[in-house]
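I opened this model to look up its charge pairs, its nonpolar core and its surface. My notes are below, in the order I took them.

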Amino acid sequence: MLEAALEERRPEIPDKLYFRIGEVSRLAGIKPDVLRFWETEFSTLGPKKSGKGHRLYRRKDVELVLEIKRLLYDKRYTIEGARKFLDSRTREAAPRAAEATAKKTGRSQGDLFRDPAVALQQVRKELTDILELLH
């Protein structure tokens, strides 16, 4: 029930490609200098920079900022604890993504390297086919 209340407090993120630091600051309810500090503490939070050096946050960056704020302010994690939590969540997501790809294609990453001679032979054949198309 508390989780539902926290979700209700999350601000609506406008549907746009990039957000400037002031917009992200207002959405998250934190100061811009806090955002800049979090960029140094959380490696996954890295906005792009415009030609003029302005920070441009993507939607996933804004969502990450809101998640970091929730962990630090609502859940009372330390910065180190929040970093570990987010890192473990990222590590858990990678195998699930690989499993989904394996289900979709019928092959796993291990299948590609089980017999390197066969893989190299297949690559050689495909490259030869491409070369013939180019001539």
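Predicted model: local features only at pLDDT ≥ 70, side-chain atom pairs only at ≥ 80, totals over all residues.

Entry 1. For local features I kept to a pLDDT of at least 70, and for side-chain atom pairs to 80 or more.

**Entry 2. Salt bridges.** How many salt bridges does the structure hold? I found nine. As background, side chains of opposite charge can pair when their charged atoms come close.

I began with Asp61 and Arg58, whose side chains meet in a salt bridge at 3.3 Å, N to O. Is Asp61 buried or exposed? Asp61 counts as buried because its relative accessibility is 1%, and the cut-off for buried is under 20%. Arg58, at 26%, counts as partly exposed.

Next I took Glu63 and Arg59, which also form a salt bridge, with 3.3 Å from N to O. Both residues lie in helix H4, residues 59-74, and they are four residues apart, about one turn of the helix. I read Glu63 as partly exposed at 38% relative accessible area. Arg59 is likewise partly exposed, at 35% relative accessibility.

How far apart are Arg83 and Glu80 in helix H5? They are three residues apart in H5 (residues 79-105), so about one helical turn separates them. Glu80 is partly exposed, with 38% relative accessible area. I also noted that salt bridges with shared partners join Glu41, Glu80 and Arg83 into one network.

**Entry 3. The nonpolar core.** In soluble globular proteins, nonpolar side chains tend to be buried together. Here I looked up the largest nonpolar core, which has 21 residues. Which of its residues touch the most other members? They are Leu35, Trp38, Leu45, Tyr57, Val62, Val65 and Ile68. Helix H2 (21-28), helix H3 (32-41), H4 and H5 each supply at least two residues of this core. H4 gives the most, with seven residues.

I then followed Ile68. Leaving aside neighbours within four places in sequence, Ile68 is in contact with Trp38, Phe42, Leu45 and Leu86.

**Entry 4. Helix H3.** The buried residues I listed in H3 are Leu35, Trp38 and Glu39. They lie on the same side of H3, because the arc they cover around the axis is only 105 degrees. What do the buried residues of H3 pack against? I found H2, strand S3 (55-57) and H4.

**Entry 5. Helix H2.** In H2 the buried residues are Ile21, Val24, Ser25, Leu27 and Ala28. Their arc around the axis is only 165 degrees, so they too sit on the same side of their helix, H2. Their cover includes strand S1 (19-20), H3, S3 and H4. Just after H2, I noted that Gly29 takes a positive phi of about 75 degrees.

**Entry 6. A surface patch.** Which residues form a nonpolar patch on the surface? I wrote down Val123, Leu127, Ile130 and Leu134, with about 410 Å² of accessible area together. I checked Ile130, which lies in helix H7, residues 116-134. Ile130 is partly exposed, at 45% relative accessible area.

How values were computed
Residues numbered from 1 in each chain as written. Heavy atoms only, no water. Salt bridge = Lys/Arg side-chain N within 4 Å of Asp/Glu carboxyl O. Buried < 20%, exposed > 50% of the residue type's maximum accessible area, 1.4 Å probe, protein only. Core = buried A, V, L, I, M, F, W, Y, C linked by side-chain atoms within 4.5 Å. Contact = heavy atoms within 4.5 Å. Arc of directions from axis to C-beta. Patch = residues over 30% accessible without salt bridge, like charges linked within 9 Å, V, L, I, M, F, W, Y side chains within 5 Å. Areas by Shrake-Rupley, 256 points an atom, 1.4 Å probe, with all protein chains shown as cover.
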